[in-house]
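Trainee: I'm new to this one. Could you walk me through it and tell me how you back up each label you use?

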Amino acid sequence: LAAAALLALGRAVLRRPRLAFLAALLFSVSPAGVFMAAAYSESAFALLAFGAMWQLERGRGGLSALLFALAAGARANGLVNAGFLLYSRGRRFVLGLQGAPAPPGTLPALWKRALGLASSAALACAAVSLPFALFQYYAYLRFCEPGTGLGQSVPEALLQLARDKGYRVAGVPGAKPPWCSQRFPLVYSYIQDTYWNVGFLRYFQLRQIPNFLLALPVTLLSSWAAWTYVSTNPRHCLTLGLERSKSEEKGKARDGFCGPAVFVYVVHSTALLVFGFFCMHVQVLTRFLGSSSPILYWFSAHLLQEHEPLLWSTGTDNPASGKPLQGKSPSSCGRGTSDNPVVRLLLNWRSITPLSKSILGFFLGYWLLGLILHCNFLPWT
């Protein structure tokens, strides 16, 4: 379902069906695939987040806000997705002001419209934040309010284990944690800070070099994606996409990865990358970005589509080598888009470019290693 949501989103944003289809196929063999298949929240979050983005592209703001709220209930980083709602409303308002000068007497109406926009944006952000806030309130009642905990129902053996490991048990006298006394008591921040050692530059240690190497491929791809988009659309990025280009006015806006509609997704992906690299356990970047942003898949599909000659051909022969392509059934002759491009590349591994080998090697290598290592309780991303 998450792959189907990504496919629909890609068709709406990229406006290139083949590119969107290739990105959805890459998502199906995501380098974070083991976390998508196991009992983790990544796949549910991806479905809800991609579905919300798709509904927002279709102009269904209410349904989009609901799906974003459910996504924030699945994973806390879904709170960042409120930025999509804010940007969508703000951009629509700013673009509406461009064009012909406003007639006299429209200033009060403009202020009224702006206030309506601000109130709807605040309401949307509150809706997205509600599941996270409710969970924090639930934790506060459990751990900070007397007589509401579970201490009396926990077996003594588990209580002793908790004492040995320094855990706090809800409802046990004298176990009230310090975060209960904070002005904004957030159990989420306290757990990450105290038990997971999550914080700015805390992971920058020599012994963490292997984990940085694990995160290197997704870091390079995401950084390359941001650089490619910014260098291709410098003015669009400097104006935050709030200036209508001449091509948009003529209805001929650029499509594909470097199109104007991709801007907000690049900003979202880059913000997650910077935060994750400097403030999180860096090895989780692969599944963090792989389940949160479509950019990893759109940009990889873009690179394959732009630089792999095998994907340029719609016939049965490779024009570059004159050799027949493998992986095409006789019924697909003359209809090159009817087969699976990832399978076609794999069956013609020796003839594809080094860039294609690197991308497919990253996706399939991490997909396979994740299955082997994670399922055997060995360290992984």
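This is a predicted model: local features need pLDDT of at least 70, side-chain atom pairs count only at pLDDT 80 or more; totals for chains, interfaces and linings use all residues.

Trainee: How many helices and strands does the chain have?

Mentor: There are 17 helices and zero strands. As for contacts between residues at least 6 apart in sequence, 67% of them join residues at least 24 apart.

Trainee: Let's take a pair of helices. Why are α1 and α2 called roughly antiparallel?

Mentor: Look at the angle. Helix α1 (residues 2–14) and helix α2 (residues 17–28) have axes that cross at roughly 150 degrees and come within 8 Å. Angles over 145 degrees count as roughly antiparallel, so α1 and α2 get that label. The crossing of α1 past α2 is right-handed.

Trainee: Which residues meet there?

Mentor: From α1 you have A2, A3, L6, L7, G10, R11 and L14, and they meet P17, L19, A20, F21, A23, A24, F27 and S28 of α2. Sorted by class, the contact of α1 with α2 has 12 nonpolar, two polar and one charged residues.

Trainee: What makes α4 roughly antiparallel to α5?

Mentor: Helix α4 (residues 42–57) and helix α5 (residues 61–74) pack at about 160 degrees, their axes 8 Å apart. The cut-off is over 145 degrees, so α4 is roughly antiparallel to α5. Their crossing is left-handed.

Trainee: And what do α4 and α5 bring to the contact?

Mentor: On the α4 side are F45, L48, A49, G51, A52, M53, Q55 and L56, and on the α5 side G61, L63, S64, L67, F68, L70, A71 and A74. The contact of α4 with α5 divides into 12 nonpolar, four polar and no charged residues.

Trainee: Now single residues. Where is S293, and why does S293 count as buried?

Mentor: S293 sits in the loop between α14 (285–290) and α15 (295–307). Buried means under 20% relative accessible area, and S293 has 1% relative accessibility, so S293 counts as buried.

Trainee: What is S293 in contact with?

Mentor: Leaving aside neighbours within four places in sequence, S293 is in contact with F50, Y265, H268 and S269. A polar atom of the S293 side chain also lies 3.1 Å from the backbone nitrogen of I295.

Trainee: What makes L364 partly exposed?

Mentor: L364, which is in helix α17, has 23% relative accessibility. Buried needs under 20% and exposed over 50%, so L364 counts as partly exposed.

Trainee: How far apart are L364 and L26 in sequence and in space?

Mentor: They are 338 residues apart in sequence and 9.2 Å apart in space, C-alpha to C-alpha. If you skip its neighbours within four places in sequence, L364 is in contact with V29 and L346.

How values were computed
Residues are numbered from 1 along each chain as its sequence is written. Side-chain values use heavy atoms; hydrogens and water are left out. Axes are lines fitted to C-alpha atoms, for helices over the stretch in contact, and angles run from 0 to 180 degrees between N-to-C directions. Helices (H or I, at least four residues) and strands (E, at least two) are DSSP runs, numbered from the N terminus. Angles under 35 degrees count as roughly parallel, over 145 as roughly antiparallel, 65 to 115 as roughly perpendicular and the rest as oblique. A crossing is left-handed if the near helix is turned anticlockwise from the far one by less than a right angle, and right-handed if clockwise. Contact means heavy atoms within 4.5 Å. Ala, Val, Leu, Ile, Met, Phe, Trp, Tyr, Cys and Pro count as nonpolar, Asp, Glu, Lys and Arg as charged, and the others, Gly among them, as polar. Buried means under 20% relative accessible area, exposed over 50%, partly exposed in between (1.4 Å probe, protein chains only). A polar contact is a pair of N or O atoms within 3.5 Å; within protein, one must be able to donate a hydrogen and the other to accept it, and residues adjacent in sequence count only if both atoms are side-chain atoms.
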